[in-house]
Amino acid sequence: MSTLMHTELLALRTTRLPWVLLAGASVLTAALAINPVLAAGTGGAPSIGTAGALLAVLGATGRGNLVILLLGVLIVTGEFRHGTVTATFLLTPHRVRVLSAKAAAVVVVGAIAAAADLAVAVAVGVAAGALPAPLLNGDVVLHVAGLLLAYPLYGLIGVAAGALIVFQPVAVLLPLAWVLYLEDFMVRLAPYAVTPWTLNGVTAALANAPDLADALPMAAGGAVLLTYALLLFTLGAVRLAYRDIT
Amino acid sequence: MTTLIRTELLRLRTTRSTWVVLAVGLALTLAWAAAILSNIGGIGAAARGSVQMRADLLGATGIGLFPMMLLGTVAVTGEFHHRTATSTFLVTPRRWRVLAAKAVAGALVGPLVIILLLAVVWTFGVVAGAIQLTVDAGLLAMTARSIPVAACWALLGVAVGVAIRNQTVAVLVPPVWFLLIETLLPAYGLSALVPWLPGGATTALLGGRFAGALPAWAALLVLLAYALALFVPGARAIARRDIT
């Protein structure tokens, strides 16, 4: 198992795509962190030195998880797209192990990306003077920790989505569309009680939900998100294990 | 050339993915419309039966344009993804004609799709009692503005496919551009650019009013210019490319 994981990490380290994605996550984080700095004090945006601006700058780490989700999707669907899946499964016929190794590798990369994005956001915040020390309290630390924990969990969801869908263009679009738009649509048509249990709802809960009413407690949000990810992963693993490979 | 266009239309008509993609567009549009309807009486929502409500509901078809654009993109990238490009270009060695036929087919199908979406949403609104059952100049003008927009988006979709070719990247680019990059730009003091970008031009062509919005004819030209700017270099690259 550890050989498989090292193989996956080697593949990630030596191909261009993961680096492009990591760079993309950092650029996205930087753009989102600079946004409240530039807007500070205008049009209703909080001024530098307020808790609002501090949360907005640190909150820039809240979208990189989608890039890691994308990495998870691509690490699985890429095998099918390039036809390498046949050789991979001939070498390791225990397909669930392959998928688990991919998931573990994505989780590791997700953790690294989370650290890198935090560094980017903090750098922007410090340079802009938007992170005054007296404003940093336990709640803020929990908020940021929750945002960063979402990276590996979304990576796991991405691997699961890749194993479930396999067809790369759809597998790439559908999870992103779900998180960014479709879920919001669905929720508006569903009873309000559903909202805290949606993917975005539990992600916000994990992030110590500073701006969401009726969110689950932080630990519960994290547990539910982990459950969703593991459930999807199990479905994906079963689907992959019984799929015909040519 | 007409044979090529008819071939493209035949392919569109007889593959399942076309209908699945269009069904997704319809479902998204209806979901958006349902969200607008469920918001009646909420803060900032238009009143039942008002002209604004009709404009909001018909504006829900905007989300249905994304799947349609995707159709244009996949028409090109699918040839490379499924490696059918080899036989296609063997049958029609003038490669740019194949690509042009795809663009024309897209521009023909786009308006049909948007008219269908508008009709469905309008009916939905009337049945729900949120739109008055009258056909006036405003409604016709909205429809008339939507048609060139749909054609342009289909053309843009084909052009993105021609320019990028890698299917996965090509299907990601339009949503990321319109929903992420263009919406973020004003925050960086780049609002002056917005009227000249594809999203801003689309809004202007649809009759939306915002600071610096171009007149409709100029917006149309801007959209066509983007499609051409992506299509021509991409088509040249495809024309010279080694196909295995």
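## Contact between chains A and B

Chain A puts 11 residues into the contact, and chain B puts in 13 residues. The model is predicted. On the side of chain A that touches chain B, two or more residues come from each of α2 (16–39) and α8 (168–189) of chain A. The most come from α8(A), which gives seven residues.

By class, this side of chain A holds eight nonpolar residues, two polar and one charged.

## Helices α9 and α10 of chain B

Two packed helices are described by the angle between their axes and the distance between the axes. Here the pair is helix α9 (residues 198–205) of chain B and helix α10 (residues 216–240) of chain B. Their angle is about 145°, and their axes lie 8 Å apart. The crossing of α9(B) and α10(B) is left-handed.

From α9(B), the residues in the contact are P198(B), A201(B), T202(B), A204(B) and L205(B). They meet A216(B), A219(B), L220(B), V222(B), L223(B) and Y226(B) in α10(B). Sorted by class, the residues of this contact are 10 nonpolar and one polar, with no charged.

## Helix α3 of chain B

Helix α3 of chain B covers residues 51–59. Its buried residues include M53(B), L57(B) and L58(B). R54(B) and D56(B) are buried in α3(B) too.

What do the buried residues of α3(B) pack against? Their partners are helices of chain B: α2 (16–38), α4 (61–81), α6 (95–127) and α7 (137–164).

Methods. Residues are numbered from 1 along each chain as its sequence is written. Chains are lettered from A and ligands numbered from 1 in the order in which they are written. This is a predicted model: local features need pLDDT of at least 70, side-chain atom pairs count only at pLDDT 80 or more; totals for chains, interfaces and linings use all residues. Two residues are in contact if their C-beta atoms, placed from the backbone, lie within 7 Å. Helices (H or I, at least four residues) and strands (E, at least two) are DSSP runs, numbered from the N terminus. Ala, Val, Leu, Ile, Met, Phe, Trp, Tyr, Cys and Pro count as nonpolar, Asp, Glu, Lys and Arg as charged, and the others, Gly among them, as polar. Axes are lines fitted to C-alpha atoms, for helices over the stretch in contact, and angles run from 0 to 180 degrees between N-to-C directions. A crossing is left-handed if the near helix is turned anticlockwise from the far one by less than a right angle, and right-handed if clockwise. A residue is buried if 20 or more other C-beta atoms lie within 10 Å of its own, exposed if 12 or fewer, and partly exposed in between; C-beta atoms are placed from the backbone.
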